[in-house]
Amino acid sequence: MKRREFLRRSSVKGITALTGASLFLKACHTEEDMIGEPNWVVQGLFDRPLPMPSVVKQSATLHAQRTSGQLLKGKMTEILSYGTETIGPTIQSRMGESINVALHNELKEDTNIHWHGLILPEDMEGHPKDVTASGASFRYSLPINQRAGAYWYHPHAHGSTASQVFMGLVGMFIVNDDEETMLNLPSGDFEIPLIIQDKRFDGGRLDYSPTEEEIMTGYLGEQILVNGLHAPFLSVASGWYRLRILNASTARVYNLGITGGIHMNIIGGDGGLLTAPETVSSILVAPGERIDVLVNFTDHPAGKEVYLVSNRFSEYNAQGRQSFNLLKFKIERTSAHTFTLPQTLSHIKLIDQNTSVKTRTFDISGMTGGEGGHGGSGGHSINGKTFDMHRIDETVQAGTTEIWEFDNMMGDEIHPMHIHSVQFQILHRMGGRNQIIASEKGWKDTVLVMPGEKVQVIMTFPEHKGVFVLHCHNLEHEDDGMMLNFRIV
Ligand code: C2O
Ligand code: CU
Ligand code: CU
């Protein structure tokens, strides 16, 4: 029985009953019984060159529109785009600048832009209440007052976030600063943005139509695209590369690694550089998260080919049982550049736990029986509530520090939790993996909370006041109501 049906049939109300229901299901079913296996990922030929999104500075004009692109080899498909390319332009800025972006909504529905990871005034950051109607325009003016990092942008109109992101409305937003520039990290042709999205097609048509079951598991695509293209390759030199990876999928988690014994040196996460690099053979990246990786192709012979892959990561969860290739690197020439991996990358001041004025717990393990607010459709909940645009769920004081705890101990779904308008630090992960991974040892805005896990984060709220959201970045869950408002006063 599906969880939702179970809950409806037994007309369960309230959190105690919900916890009971979830325990019952855990005891009697495996994830596979409940949801089945997602279709296997379709590998491609890796014979088309990786496209690079164009780069804009200072100002940008984005036309959200329906257009077409050749995502799959030899097939044109209708997509949504911010211009003529399949991925939105990379907006490049420096700390201290102000960036102007004009959004023209040429879609038939509402849209807006949320600047994921940027700390912005309420009216500029793309809360679901602030949408631009079909045919209208909006001018975003974005004061950049934060450290270097790879942030990103996407629509946030409640109920259509997932479909608009899935259809292609995404782009990267890079911030640079002096601390990062001093490191002389690989740049230009050696700094590669990799925006990963999985897609599903129905007879050649890009198809976003999750079933009730897929709203629970997430809508998993069979084709994995990098920078808007299925199965591309990148011709590289035998030197060091900086890969700036964004998981812009609605629900798919990747366990990224590189074949051929090449390690990933993790130098940053959502909110910029770590204090020191950490070398891993593979790393989990959840929807909404970014990782900054240095890869060394030196000492590999010209002609060698290796792959960016996603490795199996869970026996319990259906999508975790898959492994597949995403991108082929063809090492084709030697590089004159020399580079040594720095031992120290940046300075991060740890937030002192004793300065926290309050600890809030968010139960993210439940499903409601449909009695949520008018915003939600009665599915995924936080603290038993589904999103209500007009209800303020939490109130925090500007400039104060708090600890927030995301509790998925009793849950059986994967929830990458995201908070707007702050960057946080991760204190603990209890249960499940029981540890903080390499990319989590710096500033973060999204944190993966696996079934059976409870994660504590600490943050200091900005001085600007207003209403912001926290939500699950599994966009099926988010559109299903797994989102709350918090007000900074
Ligand atoms: Cu990237 Cu509120 O989201
Ligand atoms: Cu965000
Ligand atoms: Cu979720």
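The paragraphs below take up the metal sites and then the aromatic contacts.

This is a predicted model, in which local features need pLDDT of at least 70 and side-chain atom pairs count only at pLDDT 80 or more, while totals for chains, interfaces and linings use all residues. Residues are numbered from 1 along each chain as its sequence is written, ligands are numbered from 1 in the order in which they are written, and side-chain values use heavy atoms, with hydrogens and water left out.

His-415 (ND1), Cys-472 (SG) and His-477 (ND1) coordinate the copper ion (ligand 3) at 2.0 to 2.1 Å. Donors here are N, O and S atoms within 2.8 Å of the metal (3.2 Å for Na, K and Ca); water is not among the atoms, so sites may look incomplete. His-415 in strand β28 and Cys-472 in strand β32 are 57 residues apart; strands are DSSP runs of E, at least two residues long, numbered from the N terminus. Both His-415 and Cys-472 are buried, meaning under 20% relative accessible area (1.4 Å probe, protein chains only).

The copper ion (ligand 2) has His-114 (NE2) and His-418 (NE2) as its protein donors, at 1.8 to 1.9 Å. His-114 lies in strand β7 and His-418 in strand β28, 304 residues apart.

The aromatic pairs number 20, counting rings of Phe, Tyr and Trp (its six-membered ring) with centres within 6.5 Å; planes under 30 degrees apart are stacked, over 60 edge-to-face and the rest tilted. Tyr-82 and Tyr-153 have ring centres 5.5 Å apart and planes at 50 degrees, so the pair is tilted. Tyr-153 is buried, with a relative accessible area of 0%.

Terms used:
Helices (H or I, at least four residues) and strands (E, at least two) are DSSP runs, numbered from the N terminus. Buried means under 20% relative accessible area, exposed over 50%, partly exposed in between (1.4 Å probe, protein chains only).
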